[in-house]
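Student: Could you walk me through how to read aromatic contacts in a model like this one?

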Amino acid sequence: MIRPADHPEAREWDNGTVRMLGFWIVSVDGPLAVCTPQTLVGEPYTSGERAELVRFLRGGSRYLQFRGYSWCRCACDAPVPELGSGHWRRGDWAWPEGFAHYVEAHGVRVPEELERAAFDGARLERPDSSGLAWWIAWCTRRLPSNYTQRLARARADLVQARLRAQEEGAAEVRDAARAMERAEGTEPTRCLKLGCEERALTRRALCAWHVLTINGNSELEGAVRAAEGSPCAGSSRAWRETQASGARPRLRFGSGTAGRERRRRRAQVEDDAPCPEP
């Protein structure tokens with residue numbers, strides 16, 4: 001059961017005066033206290049009712065403004081400006097700009113208070129609660145009976161998919177590291193990464209694995225190109241640039257015993273040799 005008081009956004013958005021509504025779950029592995037818009041699709045409004053609701057929801061005064069656009073939780077191809085980048089406010093009620101999109105494009109139902117205000121011109125009464133707690137409770141009463149179980153299954157599937165992606169990524173890095181070692185060669189000294197027993201790459205302080213995982217995608221792409229036949233392609237962009245300029249790369253050795261050892265090892269490296277001919 002969803003408990004509104006436990007939802008972090010219920011506390012974050014509670015300023016003591018304004019009742020917030022029209023918020024959805026962000027992702028299946030995020031907080032579960034707000035439903036998806038699909039769960040609020042019910043008996044369709046007539047075309048006239050829908051037009052009145054959309055006009056009402058897109059009116060009011062600007063309440064909050066953000067630096068980025070929202071996105072449709074129904075995964076439609078609506079342009080992001082249609083979802084907006086702020087909140088509207090009428091009296092002590094407020095909702096995201098994109099709330100009207102879900103009513104207009106996806107047939108989402110809205111609370112009865114908004115229907116009476118839009119259809120009959122009824123005054124929006126001052127709410128007896130503020131923040132997101134009321135909206136969360138309203139959504140909870142309308143959730144399908146199997147909603148929580150379906151969401152739990154989706155979370156489990158996501159965890160498994162991430163584990164598979166991590167395993168595939170690790171295998172790719174291992175293959176790239178071996179190609180990098182063949183292209184650049186290795187030093188007789190060990191990698192400086194604590195606990196690593198691999199040999200450092202030639203003119204480097206780290207092994208191929210840690211060069212790839214620390215320096216990022218540019219190194220990984222270079223190692224892949226090296227595997228395709230270029231004996232120099234596995235070198236990092238920074239190393240290639242310093243070879244072209246004739247300067248040594250700037251290294252941050254740190255202080256203490258580890259820093260002194262790095263300086264000592266760096267001092268033993270001979271002047272940069274030209275890259276071997278392919």
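Student: How many aromatic pairs does the structure hold, and what counts as a pair?

Tutor: Rings of Phe, Tyr and Trp (its six-membered ring) pair if their centres lie within 6.5 Å; planes under 30 degrees apart are stacked, over 60 edge-to-face, and the rest tilted. The structure holds eight such pairs. In one of them, Trp93 and Trp134 have ring centres 5.5 Å apart and planes at 80 degrees, so this pair is edge-to-face. Do keep in mind that the model is predicted: local features need pLDDT of at least 70, side-chain atom pairs count only at pLDDT 80 or more, and totals for chains, interfaces and linings use all residues. Side-chain values use heavy atoms, with hydrogens and water left out, and residues are numbered from 1 along each chain as its sequence is written.

Student: Which parts of the chain does the Trp93 and Trp134 pair link?

Tutor: Helices (H or I, at least four residues) and strands (E, at least two) are DSSP runs, numbered from the N terminus. Trp93 belongs to strand 4 (residues 93-96) and Trp134 to helix 6 (residues 133-140), 41 residues apart.

Student: Is Trp93 buried or exposed?

Tutor: Buried means under 20% relative accessible area, exposed over 50%, and partly exposed in between (1.4 Å probe, protein chains only). Trp93 is buried at 2%, and Trp134 is buried at 16%.

Student: What charge sits over the face of Trp93?

Tutor: The test asks for NZ of Lys or CZ of Arg within 6 Å of the ring centre and within 35 degrees of the ring normal. Arg19 lies over the face of Trp93, 4.7 Å from the ring centre.
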